[in-house]
Every structure is written in structure tokens, then in C-alpha cells.
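Please walk through this model with the structure open beside the text.

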Amino acid sequence: MERTIGVLGAMAEEIDEVKALLTNKTVVKIANREFVVGKINGIACVVAFSKWGKVAATITATLLIQEFGVTDLFFIGTAGALADGLKVGDIVISKRLVQHDLDARPIISRFELPLLNRIYVNSDPGLTELAGKAVTNLLSRGVEHMVGEEAVKEFGLNPTLYFGDIASGDQFINSDEKRNEILSFLPDVLCVEMEGAAVAQVCLEFGTPFTVIRTISDSADHNARVDFGKFVVEVANAYSRAIISEIMRML
Ligand code: ADE
């Protein structure tokens with residue numbers, strides 16, 4: 001079967017950079033969303049802005065699979081750091097996704113996905129490894145090739161790649177209290193965002209392989225909002241474009 005690669009991004013600006021990679025483009029609008037259909041390196045590809053939060057991302061991911069027949073899905077975006085040692089500019093690729101705000105106790109245990117008998121959804125090992133190789137290739141050439149010397153200096157970028165757990169919830173985490181609360185229950189989580197685990201659940205139900213690639217934009221504490229806006233414009237857009245471009249080259 002021919003592959004159709006889906007790429008979802010959490011920020012409009014970031015995904016605009018990815019849309020620019022497509023050739024033979026057509027734009028399809030459904031449910032206030034724009035799906036750009038085309039090819040990258042001769043491979044069929046559909047790119048869309050997920051919109052923010054779990055419900056919005058669920059709608060977009062479902063449409064990608066059901067309306068566009070996407071066979072493999074990459075989610076790309078930014079995240080707040082939870083684990084000690086993670087710094088702005090680092091990249092986290094998902095092994096497992098969890099919804100940190102899901103709680104149907106006492107019917108089932110905290111964080112458990114109703115009727116799915118699990119807390120975590122695993123990302124696809126093959127896509128996760130591929131995304132890891134793509135990021136490793138890019139970093140071996142030097143981060144300045146992705147974002148330019150100026151951004152490297154301004155943000156002190158010296159990125160490390162991590163693989164691990166990502167937590168999602170319908171909250172922008174920007175206080176030590178919220179950050180520590182999540183960590184107290186989910187100590188292995190590396191970073192926090194607002195869509196990945198929802199997309200993971202959609203992909204689990206449809207049997208679609210997926211992985212999530214997140215760049216650390218902030219520290220998910222009282223500084224989070226300040227770091228975030230600037231970082232997206234100056235760094236995350238360029239990372240997304242470079243990473244998706246490298247993945248498509250390796251497919
Ligand atoms: N995406 C980027 N930073 C985030 C944060 N601190 N909380 C939730 N989602 C994010």
C-alpha cells in the first residue's frame with residue numbers, strides 16, 4: 001500500500017514552514033481546518049495545524065486519518081520541560097504518551113483511558129527510531145544550520161535529544177506548583193504539552209502508527225510564557241521545517 005504521511009503541528013507558524021515544503025499542493029478545508037495535500041520528496045503528504053488542546057487535536061487527527069487516508073502520523077511542536085536537566089532547545093521524541101488531567105476515579109485509576117485499560121499509549125517504535133535518526137543527523141551537522149548563528153547565541157542553544165514519556169493536558173503549565181504536581185504523580189515524564197496524548201489515543205483506536213516530536217520551548221514554571229512566544233517565532237519554526245524535511249528525505 002502507498003504511504004500517505006500526515007504531519008500535524010501545534011502552532012500555525014510552525015506548520016506553515018512545513019507546508020512550504022510541499023509540492024503539487026491543494027488545500028482542502030474541513031471543520032475550520034486547512035489540510036494541505038501534496039508531496040515531499042515524491043511521497044504523498046498531508047499537513048495541518050492541529051489547533052490547541054486535546055479536543056481540537058483529536059478532531060484534526062481523526063480527519064487526517066478518516067478523510068485523507070493518512071498511514072503514518074508525525075506530530076511536531078513545542079513543550080514545557082518537566083524533567084531536571086532539560087533545557088530550552090532540547091528535543092524530546094515520545095516513547096509513551098499520557099493525559100495528565102484525566103481522572104475518572106473512583107471508577108478507574110487516575111490517568112487511565114476509559115475503556116482502553118491503559119494509562120500510557122506507546123508511540124510506534126519504527127517512526128520513533130526514524131525521527132530520532134533524523135534529529136541525530138541534523139544535530140551532527142550543527143544546530144546553527146537549522147536556526148542560524150544569531151538564534152543559537154540568543155537562546156544559548158546546545159540541543160540534546162531525549163526519548164521518553166510526554167504528558168498532555170488542557171492547560172498551559174506555567175507555575176512551579178502545577179509542574180511539581182504533575183511530576184509527583186508521573187515522575188518519569190520528560191515534558192508537557194497540550195495535544196500529543198490525544199493524537200496518540202486517536203492513532204491507537206484507528207491502528208495508525210505515530211510519533212510525537214517536541215522541542216523544549218520553556219521550563220513550564222513561572223518563566224514559561226515569556227520564553228514561549230519568542231522561542232516559537234525564532235527557533236521552533238526552523239526546527240520543525242528541518243526535522244520534517246530530514247524525515248521525509250529518509251523515508
Ligand atoms: N507547550 C509549550 N510549553 C508548554 C507548557 N508550559 N505547558 C503546556 N503546553 C506547552
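Leucine 161 touches Ile91, Ile93, Gly132, Val135, Thr136 and Leu139, leaving aside residues up to four places away in sequence. The model is a predicted one. Leucine 161 belongs to strand β8, which covers residues 161-168. Its C-alpha atom lies 14 Å from that of isoleucine 76, a residue 85 positions away along the chain.

Step back to the whole chain. There are 8 helices and 10 strands. The radius of gyration is 17 Å, close to the 18 Å that the globule rule gives for 251 residues, so the chain is as compact as a globular protein of that length. The C-alpha trace spans about 50 × 45 × 30 Å along its principal axes. Of the 251 residues, 54% count as buried. Contacts can be sorted by sequence distance. Among those with a separation of 6 or more, 78% come from residues 24 or more positions apart.

Now the surface and the charges. The chain carries 24 positive and 33 negative charges, whose mean positions are 4 Å apart.

Next, look at helix α2. It runs over residues 54-68, 15 residues in total. From first C-alpha to last it reaches 20 Å, close to the 21 Å expected at 1.5 Å a residue. Which residues of α2 are buried? They are Lys54, Ala56, Ala57, Thr60, Ala61, Leu63, Leu64, Ile65 and Phe68. An α-helix has 3.6 residues a turn, so residues three or four places apart point the same way. Glycine 69 follows α2, with a positive phi near 60°.

The backbone has further points to inspect. Most residues other than glycine have a negative phi, and most peptide bonds are trans. Lysine 51 is not a glycine, yet its phi is positive, about 75°. Lysine 51 sits in the loop between β4 (43-49) and α2. At 26% relative accessibility, lysine 51 counts as partly exposed.

Phenylalanine 111 also has a positive phi of about 75° without being a glycine. Its place is the loop between β6 and β7. Is phenylalanine 111 buried or exposed? Phenylalanine 111 is buried, since its relative accessible area is 7% and the cut-off for buried is under 20%.

Finally, turn to proline 106, in the loop between β6 (91-99) and β7 (121-122). A cis peptide bond joins arginine 105 to proline 106, with omega about 0°.

Key. Residues are numbered from 1 along each chain as its sequence is written. This is a predicted model: local features need pLDDT of at least 70, side-chain atom pairs count only at pLDDT 80 or more; totals for chains, interfaces and linings use all residues. Side-chain values use heavy atoms; hydrogens and water are left out. Helices (H or I, at least four residues) and strands (E, at least two) are DSSP runs, numbered from the N terminus. Contact means heavy atoms within 4.5 Å. The expected span of a helix is 1.5 Å times one less than its number of residues. Buried means under 20% relative accessible area, exposed over 50%, partly exposed in between (1.4 Å probe, protein chains only). The radius of gyration is taken over C-alpha atoms; the globule rule is 2.2 Å times the number of residues to the power 0.38. Lys and Arg count as positive and Asp and Glu as negative; His and the chain ends are not counted. The place of a charge is taken as NZ of Lys, CZ of Arg, CG of Asp or CD of Glu.
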